[in-house]
Amino acid sequence: MAVDFVFSFQCPEYFVLQVTINSIIYASEIAVIAVGVSLCYSILRFANFAHIQLAIVGGYLAYSFATIPGLTLPLPLAVFLAAIATGLIAVLIDIIVFSRIRHISAEGKMIVSWGVALFIRSMLAAIYGGSAKVFDVPTEVIVCQGGIFTTLDITVVGVTLLLMVLLHVFLFRTRTGSALRALASNYELAVTRGIPGDRLIRLMWFLSGALAAIGGSLFAMQTRLQPSLDLVILLPVFAAVTIGGMSNVFGAVIGAIVLSFAQNFLIWIDFGSLFFGEPWHIPTQLRDYIAVLALLLVLLLKSSRAGGEKK
Amino acid sequence: MTEILSLNNVTAGYGLITVLNDLSISLRSGEILAVLGANGCGKSTVLKTAMGLTRVTEGALTLEGQQITQMPAHERAARGLGYVPQNRNVFSDMTVMDNLRMGAFLRPKQFARELEEVFNLFPRIKERRNEKAGNLSGGERRMLSIGLTLLLKPKILLLDEPSSDLSPAMVDRVFQSICEIHETLSIPILLVEQNVNKALEISKRVCVLVRGRQALDAAASDIDTKHLHALFMDGGVRTS
C-alpha cells in the first residue's frame with residue numbers, strides 16, 4: 001500500500017485519481033448535512049445554524065446507542081435510531097422555538113438559530129465532556145487502479161447516494177413530497193390549496209434532523225466526535241449550500257461536489273512551479289479558507305447579478 | 001338567497017398595519033359580488049381575510065353559518081373556499097401537471113376525472129401540461145390558477161383581479177371562462193377587480209371600498225358610473 005501511495009504521488013494521473021476519490025468522499029460527507037440546511041431554507045427562508053449542532057447530536061446519539069453498556073447496538077441500527085431521535089429533537093426545537101417566531105425576519109430567525117446552536121453545544125459539552133470519542137468502525141484499506149480508499153469510504157458514499165435517491169423519490173414521486181415542494185415554491189398558495197403547512201413543516205424538521213444525524217455520524221466515523229466538530233462542518237456545509245443555491249435541495253449536493261473538488265484540486269495544484277519555477281502548494285491547513293473564498297465569490301456574484309437586475 | 005360567506009364588522013390587516021376597518025360584506029348563494037375600489041383601499045385584503053391569510057383583530061367570519069374566524073387557511077380550503085390570488089398564483093418551479101395535482105391535494109382520487117374538466121375549460125393548459133408553470137404567459141398562469149382552484153371543487157370562488165396584467169383579448173377570454181364556471185357549476189364568486197366595466201358586466205352586486213371601509217353596496221344594474229368614479233377619485237365615503 002505504501003508503495004502505491006508513493007507511486008500515486010509521483011505520477012500525476014494517479015494523483016488526479018486519488019484527489020478525485022478524496023473529493024467524492026468529502027462531498028458525500030458534506031452533502032447529507034447540507035441537504036437538510038437547504039430543505040429548511042427552502043420552506044422557512046432562513047439559514048438554520050442549529051442544523052450543524054443537530055448533526056453533532058446525531059453523532060453523539062449514534063455513539064451512545066453503539067457503546068453504552070447493555071445497549072451496544074450494531075452501528076447501522078445505532079445510526080438509524082439516532083436519526084429518528086434527532087429528527088424528533090428537531091421537531092421539538094421547532095415547537096419550543098421556531099414555530100413561535102415564524103413571523104419575524106429571516107435575519108432574526110438566523111440569530112435565534114445561533115442561540116439554539118450555542119445551547120445545544122453547551123449541553124453536549126456538559127453531557128459528554130470535551131474529550132474526543134472515536135467510533136469503533138471495522139474498516140479495510142482498498143487499493144484499486146492506484147487509488148486508495150477504505151471500506152468506510154465506500155459506506156459513506158453509498159449511504160449518501162442511497163439517501164439522495166430516497167429523498168428524490170420522496171420529493172418528486174409522492175403526494176406528501178410534492179406538497180413539501182409546493183410549500184417551498186409558494187407557501188401562501190399551498191395552504192390555500194388545503195395543504196396543511198404547519199404539519200408539513202414539522203415533517204420537514206424531522207427529515208432535516210434525521211439527515212443531519214446520519215451526516216454527523218458519518219462525519220464523526222471518518223474523524224473524531226467532539227463538541228467542536230461543528231466548527232469543522234459549519235463552513236463547508238454552508239459554503240456548499242450557498243454555492244448550490246440556498247433553497248435548492250439537490251443544488252446543495254452539487255455545491256458539495258463543486259466545493260470538495262475545488263478544495264482538493266487547489267491544494268494539489270503546484271502553483272509554485274506554474275508561476276515561479278519553485279514547487280509550492282496551498283497548505284492543507286488553508287483548506288477551509290478555500291471554502292470561505294468560494295462562499296465570498298458566490299455571494300459577490302449573486303449580489304452583482306442582483307444589482308444588475310435592479311438597474 | 002342565503003348568505004354563504006359573511007364578514008361581520010371585521011377589522012383586519014398585516015402585522016401592526018390595519019387595512020380593513022369594521023367591514024361587513026356578505027356573499028349570497030348564486031351571485032357574483034364585485035368588490036371595487038381605488039388602489040390600496042383593501043380589496044385584495046378582503047379576499048385574504050376570507051381565506052385566513054391576514055390577522056383579524058375584530059369581528060367575525062362565517063361560512064355557511066359556521067364560524068371560521070380562527071380557522072387556518074388549509075381548513076378553509078377544505079371547507080370549500082377556493083382562492084385565486086392576483087400575483088404568485090402558481091407554483092412557478094413545478095410543472096403544470098404538478099400544479100394541478102396540488103390543486104387536487106384534498107381530492108387525489110377524483111384527480112384524473114376532474115382534470116379532464118379543467119382541460120376542457122382551458123385547452124391551452126392541456127397543451128402546456130409538461131412545461132414549468134414559471135414559463136407560462138400571464139394569461140396562461142391565470143387560467144392554470146383558476147384551474148387548480150377548481151380542482152378543489154370549491155363552494156365559493158374568491159378571485160383577485162383576474163384581468164390584471166393581461167392583454168385585452170386575454171381579459172375577454174378569462175372573463176368568459178369566469179362566466180362559464182359561474183353558470184355551469186353555479187359557484188358564487190367574490191370578485192375583486194380593477195376593470196370596473198368588466199366587473200359590472202358580469203356581477204350581480206357591487207361593493208365599493210374606500211380606505212378599508214364599505215362606501216357602497218348596491219345592485220350592479222343600479223350603479224351610476226359617475227358616482228363610482230367620484231368614489232374612486234376623492235376617496236370620500238358616500239352611500240347610494
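1. How many helices and strands does chain B have? Chain B has nine helices and 10 strands, where helices (H or I, at least four residues) and strands (E, at least two) are DSSP runs numbered from the N terminus. The radius of gyration of chain B, taken over C-alpha atoms, is 17 Å, close to the 18 Å that the globule rule (2.2 Å times the number of residues to the power 0.38) gives for 240 residues, so chain B is as compact as a globular protein of that length.

2. This is a predicted model, in which local features need pLDDT of at least 70 and side-chain atom pairs count only at pLDDT 80 or more, while totals for chains, interfaces and linings use all residues. Residues are numbered from 1 along each chain as its sequence is written, and chains are lettered from A and ligands numbered from 1 in the order in which they are written.

3. Along its principal axes, chain B has C-alpha atoms that fill a box of roughly 50 × 40 × 35 Å. Of the 240 residues in chain B, 46% are buried (20 or more other C-beta atoms within 10 Å of the residue's own, with C-beta atoms placed from the backbone).

4. Beyond its neighbours within four places in sequence, Ala34(A) is in contact with residues including Val237(A), Ala240(A) and Ala256(A); contact requires C-beta atoms, placed from the backbone, within 7 Å.

How values were computed. Contact = placed C-beta atoms within 7 Å. Buried ≥ 20, exposed ≤ 12 C-beta atoms within 10 Å, placed from the backbone.
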